[in-house]
Amino acid sequence: MYETKQKNYILDILKENKDKQMNCEEIYVALKEKNYSVGLATIYRYLDKLVELNIVRKYNSSHLGKAYFQYIDEDCKKHNHFHMICLKCNKLVHLDCELMNNFINHIEEHHKFKVVPEKIVYYGYCEECRGDN
């Protein structure tokens, strides 16, 4: 993919927000707040390309009916980790857990099923939101 200002602006926003997931509209608003002129169609197009290049991860949120995106930093690429998404505030939490890795190993060894950990997403309520339910 060739370098453009728009792609770099989108990547900058995602890198600044690497600890959370953002949908296209949120990225659009963040770009506007920085006075970057990038249209929604351009955002969608570049996000698809960034996902194909494994620079950005896409999450399809069935409970919100939207796709969310997150920048994949070097930490994410180095080791298995899982994701938890709060159903109320939509916060994305990375889960690094040896017990989960053992579980994945068990599935692969005993059930002969290759697991793709970065595709595993657990939905529930984060610590801040679970008291409200």
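**Terms and values in a predicted model**

Guide: Lys112 is placed in the loop between α5 (98-111) and β5. The model is predicted, which is why local features need pLDDT of at least 70 and side-chain atom pairs count only at pLDDT 80 or more, while totals for chains, interfaces and linings use all residues. Residues are numbered from 1 along each chain as its sequence is written, and side-chain values use heavy atoms, with hydrogens and water left out.

Visitor: Why is Lys112 called exposed?

Guide: The relative accessible area of Lys112 is 69%. A residue is buried under 20% relative accessible area, exposed over 50% and partly exposed in between, with a 1.4 Å probe and protein chains only. Lys112 is therefore exposed. Its phi is positive, about 55 degrees, although Lys112 is not a glycine.

Visitor: What is the phi of Asn35, and what makes Asn35 exposed?

Guide: Asn35 has a positive phi of about 60 degrees and is not a glycine either. Asn35 is found in the loop between α2 and α3. With a relative accessible area of 70%, Asn35 counts as exposed.

Visitor: What pattern does the chain follow along the sequence, and how much of the chain counts as buried?

Guide: Five helices and five strands are present, in the order α-α-α-β-β-α-β-β-α-β. Of the 133 residues, 35% count as buried. Contact requires heavy atoms within 4.5 Å. Among contacts between residues at least 6 apart in sequence, 52% join residues at least 24 apart.

Visitor: What makes Gln21 buried, and which residues is Gln21 in contact with?

Guide: Gln21 has 4% relative accessibility and thus counts as buried. Gln21 belongs to the loop between α1 and α2. Neighbours within four places in sequence aside, Gln21 is in contact with Glu26, Tyr59, Tyr68, Phe69, Ile85, Asn90 and Leu92. Gln21 and Leu92 are 71 residues apart along the chain, yet their C-alpha atoms are separated by 6.2 Å.

Visitor: Why is the pair of Tyr9 and Tyr36 called stacked?

Guide: Rings of Phe, Tyr and Trp (its six-membered ring) pair if their centres lie within 6.5 Å, and planes under 30 degrees apart count as stacked, over 60 as edge-to-face and the rest as tilted. The ring centres of Tyr9 and Tyr36 are 3.8 Å apart and the planes are at 0 degrees, so the pair is stacked. The pair links distant parts of the chain, with Tyr9 in helix α1 (residues 5-16) and Tyr36 in the loop between α2 (24-33) and α3 (40-52), 27 residues apart. The structure holds one aromatic pair. Tyr9, at 23% relative accessibility, counts as partly exposed, and Tyr36, at 24%, also counts as partly exposed.

Visitor: What makes a set of residues a nonpolar core, and how many residues has the largest nonpolar core?

Guide: A nonpolar core consists of buried Ala, Val, Leu, Ile, Met, Phe, Trp, Tyr and Cys residues joined through side-chain atoms within 4.5 Å. The largest such core has 17 residues, and those with the most contacts inside it are Ile10, Leu14, Ile27, Leu31, Ile43 and Leu47. Two or more residues each come from α1, α2, α3 and β2 (66-71). Another core lies apart from it and has six residues, among them Phe82, Ile104, Ile107 and Ile120. Beyond four places in sequence, Leu14 is in contact with Met22, Ile27, Leu47, Val56, Phe69 and Tyr71.

Visitor: Why does Leu40 count as partly exposed?

Guide: Leu40 has 32% relative accessibility and therefore counts as partly exposed. Leu40 is found in helix α3 and touches Cys24, Glu25 and Tyr28, not counting residues up to four places away in sequence.

Visitor: What makes a set of grid points a pocket, and how much space lies in the largest pocket?

Guide: On a 1 Å grid over the protein atoms alone, where a 1.4 Å probe fits, a pocket is an open set with protein on both sides within 12 Å along at least five of seven lines, and lining residues have an atom within 4 Å of a point. Volume is the space filled by probe spheres set on the points, which are joined across faces, edges and corners. About 180 Å³ of space lies in the largest pocket. The elements giving two or more residues to its lining are β1 (56-61) and β5 (121-124), and β1 gives the most, with five residues.

Conventions: Helix = DSSP H or I, 4+ residues; strand = E, 2+ residues; numbered from the N terminus.
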